[in-house]
Amino acid sequence: MTTPFSAPHRFKEALVSTAGHCKIACGFCLRPDREAGFVDIPTYTRTLSRLKEVGVEGICLTGGEPAHHPQLRDLVRLAHQFGIAVSVVTSARTEADVTTLAAVGHLLTNLTVSADSEGAMKLGRTTRSVKSGLATLEAVPAPVKVLHLTYWDVEEAEGRSMYEQIRDANIDLQFSPVMLDSADQRDAGLHLGDYLQQQRSDAETLACYFQLSPRFQKHLAALRTMLLQPRRALCRSTVLYVSADGRLRRCPYGTTGVTVQAPRSTIRAYLEASPEDEVTPDCAAICRTDR
């Protein structure tokens with residue numbers, strides 16, 4: 001067995017897509033892969049083996065929607081057999097999906113449930129309200145619970161309402177602004193200046209009720225800079241990504257990658273090579289770990 005990478009090529013975490021599709025189909029979804037089908041157990045097992053060999057200590061099962069996978073419990077238990085911790089990001093709201101998650105909640109390090117502000121729900125045509133997200137978190141016995149709120153066009157009254165719903169819940173809270181590329185901005189009837197002004201306004205409203213960390217503020221500033229002053233920067237994320245068909249990439253939006261079915265030497269050479277993929281706003285939004 002090969003030894004784990006040493007710094008700076010140390011990869012401790014990986015996002016693993018359990019499915020290429022999701023019934024929620026958010027209009028502003030950041031998923032880089034959208035295909036029918038689930039990750040199969042042989043591909044997933046080989047993925048775990050290769051991730052373990054390069055030093056990955058924890059994976060996050062993402063989507064599509066993990067709760068739709070017919071063998072979710074097996075996915076979690078297999079990771080444990082490799083000594084890899086497991087977390088889940090989900091939009092689960094239906095009774096069947098929540099029941100599926102509840103059965104594995106105690107096996108997870110944390111559970112993150114996605115929710116949207118009213119403006120984000122309207123823009124993305126979703127029904128992932130804060131109230132229903134909190135209900136999912138309450139029903140799943142995970143040791144650490146996180147509500148991830150994607151926001152857009154947050155009015156003062158809504159900010160207060162969200163605070164009142166969340167303040168007594170024993171959960172962590174993460175924020176992400178809706179990310180729209182230039183085409184999406186045009187479809188929404190927005191100029192770049194209007195889009196950035198809405199982001200600033202939303203952050204100011206949220207800051208009236210929630211403590212936005214300095215790192216999150218820095219993240220928002222970096223996103224604005226990327227949109228206003230595009231420049232070439234290479235992705236140096238230490239979080240790997242594996243698609244449902246078993247393709248390993250250094251970035252979910254990366255154009256380079258290698259299949260987990262490749263020889264160990266090929267995978268190692270890919271991960272030890274200098275990064276080639278450029279940072280994009282979508283990439284920066286999905287890869288950050290501290291909100």
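1. Nine strands first: the 9 strands form an open sheet in the order 6-5-4-3-2-1-7-8-9, with mixed pairing. Strand 6 (172-177) and strand 9 (258-259) stand at the edges with a single partner strand each, so one side of each has no neighbour in the sheet. For the terms, two strands pair if DSSP finds at least two bridges between them, while helices (H or I, at least four residues) and strands (E, at least two) are DSSP runs numbered from the N terminus.

2. Before going further, a word on provenance: this is a predicted model, in which local features need pLDDT of at least 70 and side-chain atom pairs count only at pLDDT 80 or more, whereas totals for chains, interfaces and linings use all residues. Residues are numbered from 1 along each chain as its sequence is written, and side-chain values use heavy atoms, with hydrogens and water left out.

3. 4 of its 5 residues are buried, so strand 1 is largely enclosed by the rest of the structure. Here buried means under 20% relative accessible area, exposed means over 50%, and partly exposed lies in between (1.4 Å probe, protein chains only). Strand 1 pairs with strand 2 (residues 58-62) in the parallel sense over 5 bridges, and E13 stands opposite G58 of strand 2. Strand 1 also runs parallel to strand 7 (residues 239-242), joined by 4 bridges; there, A14 has L240 as its bridge partner.

4. Y241 stands opposite R249 in strand 8. Helix 2 packs on the sheet, touching strand 2 and strand 3 (85-90), and its direction makes about 170° with that of strand 2. Contact means heavy atoms within 4.5 Å; axes are lines fitted to C-alpha atoms, for helices over the stretch in contact, with angles from 0 to 180 degrees between N-to-C directions.

5. At the N-terminal end, D40 caps helix 1, with a side-chain oxygen 2.7 Å from the backbone nitrogen of T43. Just after helix 1, G55 takes a positive phi of about 100°.

6. What does helix 1 pack against? Helix 1 lies across strand 1, strand 2, strand 7 and strand 8, running at about 150° to strand 2. Its buried residues are T43, Y44, T47, L48, S49, R50, L51 and E53. These pack against strand 1, strand 2, helix 2, strand 7, strand 8 (247-249) and helix 10 (264-272).

7. Now the nonpolar cores, each a set of buried Ala, Val, Leu, Ile, Met, Phe, Trp, Tyr and Cys residues joined through side-chain atoms within 4.5 Å. Of the 58 residues in the largest one, Y44, L51, I59, L61, L240 and L248 touch the most other members. Helix 2 supplies the largest share of this core, 5 residues. Apart from it lies another core of 9 residues, including W152, L180, L223 and L227.

8. Leaving out residues up to four places away in sequence, L248 touches L51, L240, Y241, V242, G257, V258, V260, I267, Y270 and L271.

9. Some backbone details to check. Most residues other than glycine have a negative phi, and most peptide bonds are trans. The peptide bond from G63 to G64 is cis, with omega near -5°, and G64 lies in the loop between strand 2 and helix 2 (72-81). R125, a residue other than glycine, has a positive phi near 55°; R125 is in the loop between helix 4 (118-124) and helix 5 (130-139) and is exposed, at 63% relative accessible area. D153 also has a positive phi, near 55°. D153 sits in the loop between strand 5 (145-151) and helix 6 (156-166) and counts as partly exposed at 34% relative accessibility.

10. Finally, T100 in helix 3 (residues 95-102). T100 is partly exposed, at 28% relative accessibility. Not counting residues up to four places away in sequence, T100 touches A67 and L72. The C-alpha atoms of T100 and L72 are separated by 7.8 Å, though these residues are 28 apart along the chain.

How values were computed: A polar contact is a pair of N or O atoms within 3.5 Å; within protein, one must be able to donate a hydrogen and the other to accept it, and residues adjacent in sequence count only if both atoms are side-chain atoms.
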